[in-house]
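Here is a short briefing for a reader new to this structure.

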Amino acid sequence: MEMDANNQQSAVAESQVNALLGPDAGPFEALVSQLMSARNEDRGQAEQLFNLCRDKQLDIFLLKLMFTVRAAAASDIRAMAAVLLRKQLGSWSQLNVQTKGSIKEQILFCIQQEENQSVLKKLCDTVAEVAGNVVEDAPWAELLPFLFQCVNSNVNRLKVSALLIFGQLAQHMGPQLQPHLSTLHALFQQTLSPSMPNDVRSASLRAVAYFVQTLESAKDRNIFQDLLPAMMQTVTQALEMHEEATAQDALEMLIEIAGSEPQFLRKQLVEVVGSILQIAEAEGLEESTQHLAVEFLISLTEARERAPGMMRKLPHFIGRIFAVLMKMLTDIEDDPAWHSAEAEYEDAGETSNYEMAQECLDRLAISMGGSSVLSAASELLPVYVADQDWRKRHAALIALAQIAEGCAKIMTNISNLQPVVNMVLNAFQDPQPKVRWAAINAIGQLSTDLGPDLQKHFHESVLPALIKAMDDFQNARVQAHAAAAILNFSESCGPELLSPYLDGVVAKLLTLLQSGKRMVQEGALTALASVADSSKVNFQVYYDSVMPFLKAILLNATDKPNRMLRAKAIECLSLVGMAVGKEKFGQDAKQVMEVLITLQGSHLDDDDPTTSYMLQAWARLCKCLGQDFLPYMSIVMPPLLHSAQLKPDVTITDADDSDDDIDSDDESVETITIGDKRIGIRTSFLEEKATACNMLCCYADELKEGFYPWIDQVAPVLVPLLKFYFHEEVRKAAISAMPELLKSAKLAIEKGQAQGRDQSYLKQLADYIVPALVEALHKEPEIEVLIDLLDSLNECMKVLGTLVDPGQVRSMVDEFKQVLTASDTRKKERLERSRTEDFDEEENEIVQEENEQEEEVFEQFGECLGTLLKTFKSSFLTLFEELLPFITPMLAKDRSPEDRRIAICIFDDVAEQCQGAAAKYYDIFLPYVLDAATDANNDVRQAAVYGIGVCAEFGGSNFKPLVGEALEKLKLVISQPSAFQSENAMATDNAVSALGKICEFHRDVIDATQVVPAWLSCLPIRADLVEAKVVHEQLCSLMERSDPILLGSNSQYLPKIIAVFAEVVSSGNDLATSETIGRIANILRHIQQTMPAPALASTWSSLQPQQQAALQSILS
């Protein structure tokens, strides 16, 4: 029976397909029409039938689509059929030769016959797509002659179509067009001429733009260089003829060139930028035209990697573009709704000009750097801030806030910062509330971008001004913003700096909490939270005043309009709890937790901010309560795991689809274009997911073995997120959590809290986590995250030790090679950039910052190697040798000091961990190490002299021939007049330690009577506390052996030795371990018993009172 039913269904499907693909065009056209239906159900049925036709009879199906494009009476059916045909061309290789030939012939026929612009555009896209597929296949001999014929015809739409196709062919079949570039140049020159209609010129400009962007070599691109004046003329003449749509179209293409091939514009940069600046400055043009002109100019400033420094060389450019943006920034109204202080009217009165100017000022400052932008700002802002028109005063302050991040380096210079702060604080007195708001906004932004310098130098003027601004009861929005600026200010503020102002700030914020305006209350809560967080224990004295208000809001703000108020109260409670500590918060913790548990159990709306705020609050409460938080974990974890597992809300459409599913005006959706696809991602979900992942990491870190019961649920959630490329913060949280999960499991096993599980469970967890981290290394696109991955891998290895198996170590080494190769490639690209003609000091600073990131990559690689060497000792050396070609080049003099330091540290680790087995690398590394012992850079010097000490200790006969040279180097380091000054002390201490090791292990090849006293004269060492413990323990050992050279003839050095011991003992456990201090006590007792009383008294009297007291206490 079932078989009969299936046969019946199959027969129905067959007949439907036959009807649709049969000679009658009607059914197939109806199907295409149904695919455009607004009703999901109709569209779904049509898609099923459409796919069925394709799957059953592909050739006939595509020919039917082609026929519909050619013959359907309705233009919307023809347009839809053309789009559908293009989307099916992925199956081109499966078609028979006749079908391919027929489609190619018919589609060119359609281009000739079609008069509807929309259909023609879609047909042009399809021709280009077919051409792209044909490249893999037999050549399409008829295509280029056809296109040249169309361009030379007298029919404008054919010219436009051919030019559109040429532009797209640049992307699809660039190499095949190589022989025709000079012909194409002549053709574009002809179609860009002023005698041509605007639509032809626009299409020609578009085609040139595509060629410029897709041609591989600069030589090929330069063939089109002399077309630039005609391209620019297309824009200016369209504007003269009031055809702004054409000008806008052309500007959009020029923006693409500016972003991807700015060097193409370089030879005529002055003229190009001059023309576009005139458009940006012109009166009476459509806003969107001016915005495109500005976007072109800002895009050029941002194209740093391809044209570093080019725009900074242009005279007057920054001054003019800054003036344009300032003028746009004055396009704002004083809308009464803004004064209502309701959240939804925050942007009331703002225009698209105002928003565009804000965004572009920020981008301009970041791309052009502080010096150039601050110079333009310092000319214009004082004029604006002194103007009678409040809009100009407002614009000056908003501009200042926007450029602060990009100008931070130069603005933090006190001579630049003083006038800026004065200008802003003066505006706190402005009669116009919007100007006062802008002044407070500027202080908030400057506090973030220029902190902690601004806080350090100007707290005495800024904080009182903000406290006073919170008295503006006539203007609630200004009041609320003053509270928000307190938050910005306190975030980069230490407790000691904030302390004198706390009484005034807290009192004022508590007054605002009682305000009738919700926005003011929310601002006050956020500020209180930040002040508590920055003040730490200093906040304890305010706890009893603040807590009742917070609890009242938590219990009473339960209606929908107050959701954000309650969420911020939760945040504030948790930060206050963390600041004051468990003892103080303990009395209220239980009640707060109960309210949160009740809230968590209630069904909150999807858009309720309480959920996200609670996730973070629970984690803070966990930090505050420590192990006492464990009973709450069963309540906290389920929703947290739910949030961590949220799937990204992603929409994927074709980049060129105008009827896409992505709402481009929806601020909660971020869109990125990759290839020919546009991807829209709803960011609110991602932020909640990132928060949840961060919180999971916090719990594992805080609760240690207490987190063990959750590992089996958390690991499968977080490990896949190591490759969650939609959101960097999610990846970072997952990466940070990996070592914490392993530590938790290891501690639980060691403390017998792992429900009977043993090391095999840790091994199983390691085998899940370590390969995933290594694989994530391979695919990570962001350098900052790559550094985190290496750090996480290193921490995991430290936890696991020898549980990391040889196969995993092998894959790590392979990955390290790939990471270092990629890093080297990036550095070479930057070197190429630095050789361009416009490269300048600003660009050099940026390149240095980027290279510092590469140094961090190398440093984390070095740390990983150090851990592998500590774990596997000489058995790791076979793999280490594969990495040598990546390490030894870093020792060269032309490398940065940091690269050289890391390379030397890697050798130090090899020498220390592999001891005798490392001797074979001495010839490679020691010449560099000895040379670096007197390097100008302290850190390089420290690594080198430490390495000499290690080789002296473990190198045996291999090091003996080098002892003389090593001594010379160490003597130079130690005898410098500034050797023991703070900046040099770490390197010097390590040199002293190395000298001690030569005295101990190579005394047979040195003049000990000279070297040992020289070593003793440098003691005690005080800067490097690790080496201090080693050196002072060595002094003990020599004294216990009554070393005659150390004591000198007639014990002449004994007073010095006692003075050293006295200082070591009086420093507590800083300069020696408690075991060494015990041994010192025994030595001193022995001296007390054997040394003549007068000599002892004389030595004793030379000691400081503090040292005498310390010795007295250990001897008594």
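A salt bridge is a side-chain nitrogen of Lys or Arg within 4 Å of a carboxyl oxygen of Asp or Glu. This is a predicted model, in which local features need pLDDT of at least 70 and side-chain atom pairs count only at pLDDT 80 or more, while totals for chains, interfaces and linings use all residues. Residues are numbered from 1 along each chain as its sequence is written, and side-chain values use heavy atoms, with hydrogens and water left out.

**Salt bridges**
- By this rule the count is 65 salt bridges.
- One of them joins the side chains of R78 and E114, at 2.7 Å from N to O. R78 lies in helix α5 (residues 75–87) and E114 in the loop between α6 (97–113) and α7 (117–134), so the pair ties together parts that are 36 residues apart in sequence. Helices are DSSP runs of H or I with at least four residues, numbered from the N terminus.
- R78 and E114 are both buried, where buried means under 20% relative accessible area, exposed over 50%, and partly exposed in between (1.4 Å probe, protein chains only).
- D608 pairs with R566 in a salt bridge, with the closest N and O atoms 3.7 Å apart. Because D608 lies in the loop between α32 (582–601) and α33 (610–625) and R566 in helix α31 (residues 563–580), the pair ties together parts that are 42 residues apart in sequence. Both D608 and R566 are buried.
- A network of salt bridges links R826, R830, R833, E850 and E854.

**A buried glutamate**
- E1027, in helix α49 (residues 1025–1040), is buried yet has no salt bridge. K997, the nearest side chain of opposite charge, is 4.4 Å away; Lys and Arg count as positive and Asp and Glu as negative, while His and the chain ends are not counted.
- Contact means heavy atoms within 4.5 Å. Not counting residues up to four places away in sequence, E1027 touches Y946, N990, S993, K997 and I1021.

**Helix α17**
- Helix α17 (residues 317–329) has 13 residues, and its buried residues include F317, I318, I321 and F322.
- The cover over the buried residues of α17 includes α15 (269–281), α16 (287–302) and α19 (352–368).

**A loop residue**
- A917 lies in the loop between α43 (897–914) and α44 (922–932), and counts as partly exposed at 34% relative accessibility.
- Leaving aside neighbours within four places in sequence, A917 is in contact with S874 and L877.

**Annotation**
- UniProt lists residues 367–605 for "domain: TOG" in an unreviewed entry; such annotations may be inferred rather than shown by experiment.
- That span is 79% helix and 0% strand, a strand being a DSSP run of E with at least two residues.

Definitions and conventions: Expected span 1.5 Å × (residues − 1).
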